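Please walk through the structure shown here, taking its pocket, its strand pairings and its salt bridges in turn.

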Amino acid sequence: GKVYAPCDAVVERIFETGHAVSLVADFGAEILIHVGLDTVALKGRFFTVHVANGSRVKQGDLLLEFDLDAVKKLGYNPITPLLVHNSSNYGSFKPAVDKTVTSADVVIELRK
């Protein structure tokens, strides 16, 4: 039920509904974190945002929270993809695939 910054970055866009956040990492990666599938339909219900557009965040900072039980109870899949829009800018891209992670885990390793 909590989403943390995966790296030092600037919040490019926090979606009005709180279900997604777009970041630009200090090293240039363009990252989208999207909570759940089709959760935009919840129109912000069950989501609490802790950052604003343009905010600087450090790795591990809390970005948003959501009521995981309520989201699941309504039938939404809570899987939370982390996408790197400009991954082609990196020679090595090693994601943690199909794995439950904690805020201390490395979720994607990028190298130029």
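In this predicted model, the lining of the largest pocket draws at least two residues from each of five strands: S1 (2-4), S4 (30-34), S8 (82-84), S9 (92-95) and S10 (108-111). The volume of this pocket is about 1,100 Å³. Its lining consists of 35 residues, and those closest to the centre are Thr80, Leu82, Lys99, Val101 and Val107. By residue class, the lining divides into 25 nonpolar, six polar and four charged residues.

Strand pairing comes next. Strands of a sheet pair through backbone hydrogen bonds, and the pairing can be parallel or antiparallel. Strand S1, already named as a contributor to the pocket lining, also belongs to an open sheet of three strands with the order S1-S7-S5 and antiparallel pairing. S1 and strand S5 (47-49) are at the edges of this sheet; each has a single partner strand, so one side of each is left without a neighbour in the sheet. On average, and with direction ignored, neighbouring strands here are turned by 15° against each other. The pairing of S1 with strand S7 (residues 62-66) is antiparallel and runs over three bridges. Within the pairing of these strands, Val3 stands opposite Leu64 in S7.

Strand S2 (residues 9-14) has its own set of pairings. Five bridges join S2 to strand S3 (residues 20-25), and the two strands run antiparallel. Arg13 has Ser22 in S3 as its bridge partner. S2 and S3 form a hairpin with five residues between the strands, and in this hairpin Gly18 takes a positive phi near 75°. S2 also pairs with strand S6 (residues 56-57), again in the antiparallel sense, over two bridges. Here the bridge partner of Ala9 is Val57 in S6.

What does a search for salt bridges across the whole structure find? The search finds three.

One of them joins the side chains of Lys58 and Asp8, with an N to O distance of 4.0 Å. This pair links distant parts of the chain: Lys58 is in the loop between S6 and S7, Asp8 is in the loop between S1 and S2, and the two are 50 residues apart. Lys58 has a relative accessibility of 48% and therefore counts as partly exposed. Asp8 also counts as partly exposed, because its relative accessibility is 27%.

Another salt bridge is formed by Arg56 and Asp26, whose closest N and O atoms are 2.8 Å apart. Arg56 belongs to strand S6 and Asp26 to the loop between S3 and S4, so this pair ties together parts that are 30 residues apart in sequence. Asp26 counts as partly exposed, at 46% relative accessibility.

The remaining pair is Arg111 with Glu109, where the closest N and O atoms are 2.9 Å apart. Is Arg111 buried or exposed? Arg111 counts as exposed because its relative accessibility is 51%, and the cut-off for exposed is over 50%. Glu109, with a relative accessible area of 30%, is partly exposed. Strand S10, one of the strands that supply at least two residues each to the lining of the largest pocket, covers residues 108-111.

Definitions and conventions. Residues numbered from 1 in each chain as written. Predicted model: local features only at pLDDT ≥ 70, side-chain atom pairs only at ≥ 80, totals over all residues. Heavy atoms only, no water. 1 Å grid on protein atoms, 1.4 Å probe; cavity = no way out; pocket = protein on both sides within 12 Å on 5 of 7 lines; lining within 4 Å. Points joined across faces, edges and corners; volume = space filled by probe spheres on them. Helix = DSSP H or I, 4+ residues; strand = E, 2+ residues; numbered from the N terminus. Nonpolar A, V, L, I, M, F, W, Y, C, P; charged D, E, K, R; others polar. Pairing = 2+ DSSP bridges. Axes fitted to C-alpha atoms, helices over the stretch in contact; angles between N-to-C directions. Buried < 20%, exposed > 50% of the residue type's maximum accessible area, 1.4 Å probe, protein only.
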